[in-house]
Amino acid sequence: MHCALYDAGRCRSCQWLEKPYPQQVSDKQARLAQLLAAMPVSDWRRPVTSAEQGFRNKAKMVVSGSVERPVFGLVAPDGEPVDLCACPLYPASFAPVFALLKPFIARAGLTPYSVTRRRGELKFLLLTESSEGGMMLRFVLRSASKVPQLQAALPWLQQQLPQLKVISANIQPVHMAILEGEEEIALTAQQALPERFNQVPLYIRPQSFFQTNPQVAAALYATARDWVAELDVTSMWDLFCGVGGFGLHCATPEMTLTGIEISSEAIACAQQSAQQLGLEKVHFAALDSTRFATSREDVPQLVLVNPPRRGIGSELCDYLSDMAPAFILYSSCNPATLAQDIARLSDYNIQKVQLFDMFPHTAHFEVLCLLTRNDRARAA
């Protein structure tokens, strides 16, 4: 992939861009093998690769410059704004949206926020696209003072860009490098963006997490579904479930499944999908996953975990070791913490491992790992 911004030294987010893509995947696989070297793996699956460009469904743009000439992208270490509208990681459909948002900012009177001066209102633009064709746009503002102006100007933007189905304003008043605040103000009647992976309906709301590489994410969910189907389990927990992608793929009408996620926005999405699928034995709740699990005495046959980068941690590992579900399906975006957690789960063997290259041109990747309780632990 060629990137003029990288060549000019203006953006180095893709640290591995100079490395040929097959070598990137090979190096990631070698890193995963190194991390799991002390743990025998019964079945290494071939890595799932990504498109090299145009694969991101989400843009997180720092807004800088002036109200008449806003710049969308990032601020370089020297303080100069860098325009990322032509970033090759974004699909072609993003460019016309960015082009119209620049004059819209002047129409709405949204002065870009200056970090050095601590002045201005508009901090970030967050744009997400569904494979169904719609888009979600979020304006991250320093305060709610400009929301009436934003609302008044929106009809022009919506007329120009009818693909913008969900629009909101997020209020982030803190002078720190924090992407969003707690308060979200809906600016459209529709506040959930429909998505569909492998014929499973999913929904994206403004403050719910969603994977940024939809093609690889669809392969990840489909693989989890296939692995679970081979186990013939009838009870399952989906911890750190997000919008329910894993659980909704794995669930059958006969399976009892409980999905847990701290974000109420994400749980609202998961509940909407489960209702649409008619899954009467599937339930989702907005709770802390570790607290939920460690407060329960009933144990399902399978526990699926998809934690943030910190992993599931010693408390949940200890609980799973004590309660002893037959299977653990672990999806991780941080193989280092995955390896640490598996080392704590000494009563489990690694049955299958597969790498999913969700983040080309970087050192990051996703891993799916199936753990089965070993014979020694079952005998005890």
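1. A residue is called buried when its relative accessible area is under 20%, exposed when over 50%, and partly exposed in between, using a 1.4 Å probe on protein chains only. F240, at 11% relative accessibility, is therefore buried.

2. The model is predicted: local features need pLDDT of at least 70, side-chain atom pairs count only at pLDDT 80 or more, and totals for chains, interfaces and linings use all residues. Residues are numbered from 1 along each chain as its sequence is written, and side-chain values use heavy atoms, leaving out hydrogens and water.

3. The unreviewed UniProt entry lists Q211, F240, E261 and N306 under "binding site". Of these residues, Q211 is included in the lining of the largest cavity. Such annotations may be inferred rather than shown by experiment.

4. F240 sits in the loop between β11 (235–239) and α6 (245–250). Leaving aside residues up to four places away in sequence, the contacts of F240 (heavy atoms within 4.5 Å) include E261, N306, P307 and P308.

5. E261 belongs to strand β12 (residues 256–261); strands are DSSP runs of E with at least two residues, helices runs of H or I with at least four, numbered from the N terminus. E261 is buried because its relative accessible area is 14%. Beyond four places in sequence, E261 touches F240, C241 and G242, among others.

6. Elsewhere, helix α10 (residues 335–344) has P335, T337, L338, A339, D341 and I342 buried.

Terms used:
1 Å grid on protein atoms, 1.4 Å probe; cavity = no way out; pocket = protein on both sides within 12 Å on 5 of 7 lines; lining within 4 Å.
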